[in-house]
Amino acid sequence: MKMRPDRIEDLIAANALYRPGPMILIPDYIDRKHGAKWTCPHPIMTEVLQETYGIMCYQEQVMRICNRMGDIPLREAYALIKAISKKKLSIIAKEKQRFLAGCVDKGLKKSEAEQIFELIERFAGYGFNKSHSTRYAFVAYQTAYMKAHWPVEFMAALLTYEMGDTEKVVEYIGECREMGVEVMAPDINESDVDFTPLYRDASEGGKGVIRFGLAAVKGVGEKAVEQM
């Protein structure tokens, strides 16, 4: 809510940042998105981290910095990230020397290169995979859109999907109640196998309701409902 996302990239970043470790950077991301100044130690880093306002959110960003700043091939940059997360000191020390040499070749002082590597060590341990975060963000956005614009159909589909799990059914009926969507009791003459979205006529208030699916009643099988 504080982020006020207005592009899919913000949702992808939110998904990557909202985990133990990166959560500490959420206020920085929000401030920078809304105009706070930020800088990076080198133009290459600025280019790689532009979309996340100078914050290393993703494994891919760390790999690109290792590759472009330190001349470490991408495959080995990925291995370095894994080594940092598992604290494999011998691999980290070896790749650090290669990274520092690559940075010095690009005109940086060794002390500046060491500062950048410290940042990499700090961020790489919890960097999230951007491709995964992208798919999660898209699914979250799509389902939130459905829930906001077609709440009756969405909740009926969700209840149908989870109707083998009584706890989930109870939870989602509670969610319907909070949303103002009535879930009507099972009815032998009105219910279908699944939870069904229905729309009342104007004389009944004209609101959408969900009719409880008979197959979700404990001890009642789908085949039996179809026979009835």
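At 23% relative accessibility, Arg-68 counts as partly exposed, a class that lies between buried (under 20% relative accessible area) and exposed (over 50%), with a 1.4 Å probe and protein chains only. The model is a predicted one, in which local features need pLDDT of at least 70 and side-chain atom pairs count only at pLDDT 80 or more, whereas totals for chains, interfaces and linings use all residues. Residues are numbered from 1 along each chain as its sequence is written, and side-chain values use heavy atoms, with hydrogens and water left out.

The side chain of Arg-68 meets that of Glu-47 in a salt bridge, at 3.1 Å from N to O, where a salt bridge is taken as a side-chain nitrogen of Lys or Arg within 4 Å of a carboxyl oxygen of Asp or Glu. Because Arg-68 lies in helix α4 and Glu-47 in helix α3, the pair ties together parts of the chain that are 21 residues apart in sequence; helices here are DSSP runs of H or I with at least four residues, strands are runs of E with at least two, and both are numbered from the N terminus. Side chains of opposite charge can pair when their charged atoms come close.

A search of the whole structure finds nine salt bridges. Among them, the side chains of Lys-106 and Asp-71 meet at 2.9 Å, N to O. This pair links distant parts of the chain, with Lys-106 in the loop between α6 and α7 and Asp-71 in the loop between α4 and α5, 35 residues apart. Lys-106 is partly exposed at 30% relative accessibility, and Asp-71 is partly exposed with a relative accessible area of 43%.

A further salt bridge joins the side chains of Glu-76 and Arg-98, at 2.2 Å from N to O. Here too the pair links distant parts of the chain, Glu-76 being placed in helix α5 and Arg-98 in helix α6, 22 residues apart. Glu-76 counts as partly exposed at 34% relative accessibility, and Arg-98 is partly exposed with a relative accessible area of 29%.

Tyr-141, Tyr-145, Met-146 and Trp-150 make a nonpolar surface patch of about 440 Å². Of these residues, Tyr-145 lies in helix α8 (residues 130-149) and is partly exposed, with a relative accessible area of 40%.

A patch of negative charge is also present on the surface, where Asp-192, Asp-194, Glu-222 and Glu-226 gather. Lys and Arg count as positive and Asp and Glu as negative, while His and the chain ends are not counted, and the place of a charge is taken as NZ of Lys, CZ of Arg, CG of Asp or CD of Glu. Glu-222 is placed in helix α11 (residues 222-227) and counts as partly exposed, at 44% relative accessibility.

Phi of Arg-4 is near 50°; Arg-4 lies in the segment before α1 and counts as exposed, at 55% relative accessibility. Phi of Tyr-53 is near 55°; Tyr-53 is found in the loop between α3 and α4 and is buried, with a relative accessible area of 14%.

Notes:
Patch = residues over 30% accessible without salt bridge, like charges linked within 9 Å, V, L, I, M, F, W, Y side chains within 5 Å. Areas by Shrake-Rupley, 256 points an atom, 1.4 Å probe, with all protein chains shown as cover.
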